[in-house]
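Please examine the sequence and the model shown below. The paragraphs that follow lead through its pocket, its core and one of its loops.

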Amino acid sequence: MSIKVKTNNVGIAPRKVRQVCDLIRNKKASEAIKILRFCEKQEIAITLTKLINSGLAIANEANKYDLENLVIGTVFTDEGPMQKRIMPLRTVSITILFYF
């Protein structure tokens with residue numbers, strides 16, 4: 001059995017998140033939290049720590065898993081929705097020519 005935990009719409013570039021995910025892949029949950037505590041990219045580390053703690057809480061409620069031996073198996077990051085930004089320009093250009 002495995003526990004699946006995910007989050008949506010984080011708002012961080014997936015390339016940056018993948019660098020941190022590579023640090024914790026195939027590690028024990030307690031070791032991964034220690035690694036994330038001293039990670040340079042704190043915003044990403046906080047998000048991943050919350051996900052790990054959520055998974056540990058689910059495992060604790062189920063009473064089927066040994067919390068000390070839980071291993072983080074698969075960690076992956078995909079691109080989320082793209083924010084589209086536009087620069088407002090003038091909408092209408094009117095030129096009036098008078099002929100006499």
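**Pocket, core and loop**

Helix H3 contributes the most to the lining of the largest pocket, namely 7 residues. This is a predicted model, in which local features need pLDDT of at least 70 and side-chain atom pairs count only at pLDDT 80 or more, while totals for chains, interfaces and linings use all residues. Residues are numbered from 1 along each chain as its sequence is written, and side-chain values use heavy atoms, with hydrogens and water left out.

The secondary structure comprises 3 helices and 0 strands, helices being DSSP runs of H or I with at least four residues and strands runs of E with at least two, numbered from the N terminus. The order of the elements from the N terminus is α-α-α.

A pocket is an open set of points on a 1 Å grid over the protein atoms alone, where a 1.4 Å probe fits, with protein on both sides within 12 Å along at least five of seven lines; lining residues have an atom within 4 Å of a point. The lining has 40 residues, of which Val5, Lys6, Thr7, Leu51 and Phe76 are the closest to the pocket centre. Helix H1 (14-24) and helix H3 (42-62) each supply at least two lining residues.

Of the 100 residues of the protein, 22% are buried, that is, under 20% relative accessible area with a 1.4 Å probe and protein chains only; exposed means over 50%, and partly exposed lies in between. The largest nonpolar core contains 16 residues, and Val20, Ile24, Leu36, Ile44, Leu48, Ile52 and Ile72 have the most contacts inside it. Such a core is a set of buried Ala, Val, Leu, Ile, Met, Phe, Trp, Tyr and Cys residues joined through side-chain atoms within 4.5 Å. H1, helix H2 (29-37) and H3 each supply at least two residues of this core. Beyond residues up to four places away in sequence, Leu48 touches Val20, Cys21, Ile24 and Leu36, contact meaning heavy atoms within 4.5 Å. Cys21 is buried, because its relative accessible area is 2%.

The loop between H2 and H3 holds Lys41. Lys41 is partly exposed, because its relative accessible area is 31%. Apart from neighbours within four places in sequence, Lys41 contacts Lys16, Gln19 and Val20. Lys41 and Val17 lie 24 residues apart in sequence, with 8.9 Å between their C-alpha atoms.
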